[in-house]
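Me: I would like to learn how to read the contacts, the sheet and the overall fold of a structure. Could you take me through them one at a time?

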Amino acid sequence: MTLKLGDLPREELCRRLARGLTLTTGPFRFRLQSRQAGVAEGLATLYADFPVLEDTDFRDFHVRVDRVRGPRRWFRPQVNFWFDGYAPFTPLPADHAFALLEWGMNWCIASHAHHYLLLHAAVVERRERTVILPGDPGAGKSTLTAALALSGWRLLSDELTIVDRDDGLIVPLVRPVSLKNRSIDIIRAFDARAVLGVAAHDTHKGTVSHLRPPAASVARMAEKGRAAHIVFPRWKAGASTRLSHHSKADAFMHAANHAFNYSLLGRLGFELNAALIDACDCWDFEYSQLDEALGAFEELVA
Amino acid sequence: MKLACAALLAALREPAAMAGFDANTWDRVVRQAAAAGVLGRLGALARETGIDEALPAPVWRHMQALLTLAGQQKRAVRWELVQLSRTLANLAGPVLLLKGAAYAAADLPPAAGRLFADIDLLVPKSQIDAAEAALMLDGWNSSHHDAYDQRYYRKWMHELPPMMHIRRQTVLDLHHNILPETARIRVDPAPMLAASRTLPEFPRFSIPTREDQVLHSATHLFHEGEWQHGLRDLVDLDAMLRAYAHDPAFLDHLIGRAEGLGLGRPLFYGMRHAERLFATPLPQGLLDRCPDRSGPLQTAVMDRLFHAAFATAHESCRTPLSGVAAWILYLRSHWLRMPPHLLVPHLMRKSWGRHVGKTSAGGERGTENDV
């Protein structure tokens, strides 16, 4: 039986975290190191169902979030993120430590995992039908993804769609869903059972809090998905729920323009993206009411 | 270095050894190789040796990612050369590609899996103003605007301040020599330019002869003090020597050329350390024929320093000596670059600039982007 992060008592978690804890999320293994209580708290709340590995395994990314050196260690304390000894970001206030870890982990994947085609989109699945949700910031992509995950849909990713270069299938990443500002209260109101981490206020994205991914999605993190739909969601105050066809040519261009490494992959990027769009029905989706939106998604995979 | 980096060196020397690494070893080797800029090279070697399928899947994924990135850079540099062919169409005299860009454009031995950050061009000094003007007209801007930096480059260095294209963001270094004007070794670039051969695919550009490729790579490695790339540059040398040394005439030409250009010492260090670290197959007695060899005591001291410096890229390789060695070699590179009456004020100015938070020319110890 694999050890899960939630099996570790808090002191043991902190002890392991201080010297390096190996966590699996989708195809990636992270070695996380931190002495920040906020990081341990965030991990205990949001990653309890994730497997923890032995330190003798190969880890993809070695990361650390800790206090910076110098006066800002004590005076208005700041933390920074280190990727194997290198700090790609500027320091943040100490109470943003967990959010910084999440952004840092995303950065690790987006800037290194060029083995895959990496699209900027959420992915969920129901009845073995995988649905990709590209969305511009503010389009309500994360809110919708969180609501779907809380309604029995399998969560594959809320931000990074990973396309396998060998078979074109979608590789789950399964990480906490990042909710911003009003979405946090909307999701709390949507489902009282939703487990959210401690909010980080006044970040560059406003207030940020993360939703714990469903245990069932975490348990299936090794199962790839076959994409069936691409849905461009758009939340609009007062709008009635409406699903309409989106041109495939435009979907292709949108996916390419919003990918993290489309042009980097050259011809392979084109072929993977083209095969993905070919295999999917593409939709525009306008909504204002979450309940109605969920109903429409159910019909999509019925 | 021997122990901490032993597996990485073994992989570079004998790629088949990679098939026997355990997960724990890979956890170290992948990070060391990535930090030193040779992970893509390991991937290329694994594929060439046919052991890529025997590697653990997550490890191969990292290598494949780097090979993908290297492939993209190769496409990008070829596209830049198409653009630059037009920009520099009316320039008199040859335009030489150096190092990374030359390896990628002409598919030279070090190219497979290798990354590079900028395009290095060499033109005759008489053409440098015309080349700069043509580049500026086409959207290449100087990245250093500080008056001191401009003067530092233009008066003393062998290159202009780096230029960046306003739309494509490509960085280009325009050289008129391979070592600074003020350096202890005065190199005349004219023979290199004269002997260069035109690239059939990009006739505006030439690459140095095989001998000059090796000499420039060794000179850059042992004189410029960019030790964060030290191991990768030695890997380049090893790759070229392996590929070219089959031809006995090549080695004779190489020794003669080093003598003619006054680059015997960097060639001696380059061959010595390639042989020591990567067992580069060189004929016996070749090193003894190298002009301007260091004496036994100096060789022993420099061996220690260089070995420590080759290991500075990743913290798991560093020894207590590494930091000191890197610092001594940093001073050495400046010592070789300028006479003391220029060097002391320059280093003081840079040190001051660092304290007040300004970057200054010629002293950067390398950043992540500087691959």
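Reply: Let us begin with the idea of contact: two residues are in contact if their C-beta atoms, placed from the backbone, lie within 7 Å. Please keep in mind throughout that this is a predicted model.

Me: With that cut-off, how many residues of chain B are in contact with chain A?

Reply: On the chain B side there are 18 residues, and they are in contact with 16 residues of chain A. In general, the size of an interface is often given as the accessible area lost when the parts come together, but here we work with residue contacts.

Me: Which helices supply the side of chain B that touches chain A, and what classes of residue does that side have?

Reply: Helices α2 (23-36) and α4 of chain B each supply at least two residues, and α4(B) gives the most to this side, with 10 residues. By class, the side of chain B that touches chain A has seven nonpolar, five polar and six charged residues.

Me: How does α4(B) pack against α5(B)?

Reply: Helix α4 (residues 57-87) of chain B and helix α5 (residues 99-106) of chain B meet at an angle of about 95°, their axes being 9 Å apart. Because angles of 65 to 115 degrees count as roughly perpendicular, that is how α4(B) stands to α5(B). From α4(B) the contact draws on Q73(B), K74(B), V77(B), R78(B) and L81(B), and from α5(B) on A101(B), A104(B) and A105(B); these residues divide into five nonpolar, one polar and two charged.

Me: Turning to chain A, in what order do the strands of the open sheet lie?

Reply: Strands of a sheet pair through backbone hydrogen bonds, either parallel or antiparallel. In chain A, six strands form an open sheet in the order β3-β1-β2-β4-β5-β6, with mixed pairing, and the edge strands, β3 (52-53) and β6 (92-93) of chain A, each pair on one side only. Within this sheet, strand β1 (residues 21-25) of chain A and strand β2 (residues 28-34) of chain A run antiparallel and are joined by five bridges, and T22(A) stands opposite R31(A) in β2(A).

Me: What is the radius of gyration of chain A, and what would a compact globule with 302 residues have?

Reply: Chain A has 19 Å, which agrees with the value near 19 Å that a compact globule with 302 residues would have. Its C-alpha atoms fill a box of roughly 55 × 45 × 40 Å along the principal axes, and 46% of the 302 residues of chain A count as buried. Among contacts in chain A between residues at least 6 apart in sequence, 72% join residues at least 24 apart.

Notes: Residues are numbered from 1 along each chain as its sequence is written. Chains are lettered from A and ligands numbered from 1 in the order in which they are written. This is a predicted model: local features need pLDDT of at least 70, side-chain atom pairs count only at pLDDT 80 or more; totals for chains, interfaces and linings use all residues. Axes are lines fitted to C-alpha atoms, for helices over the stretch in contact, and angles run from 0 to 180 degrees between N-to-C directions. Helices (H or I, at least four residues) and strands (E, at least two) are DSSP runs, numbered from the N terminus. Angles under 35 degrees count as roughly parallel, over 145 as roughly antiparallel, 65 to 115 as roughly perpendicular and the rest as oblique. Ala, Val, Leu, Ile, Met, Phe, Trp, Tyr, Cys and Pro count as nonpolar, Asp, Glu, Lys and Arg as charged, and the others, Gly among them, as polar. Two strands pair if DSSP finds at least two bridges between them. The radius of gyration is taken over C-alpha atoms; the globule rule is 2.2 Å times the number of residues to the power 0.38. A residue is buried if 20 or more other C-beta atoms lie within 10 Å of its own, exposed if 12 or fewer, and partly exposed in between; C-beta atoms are placed from the backbone.
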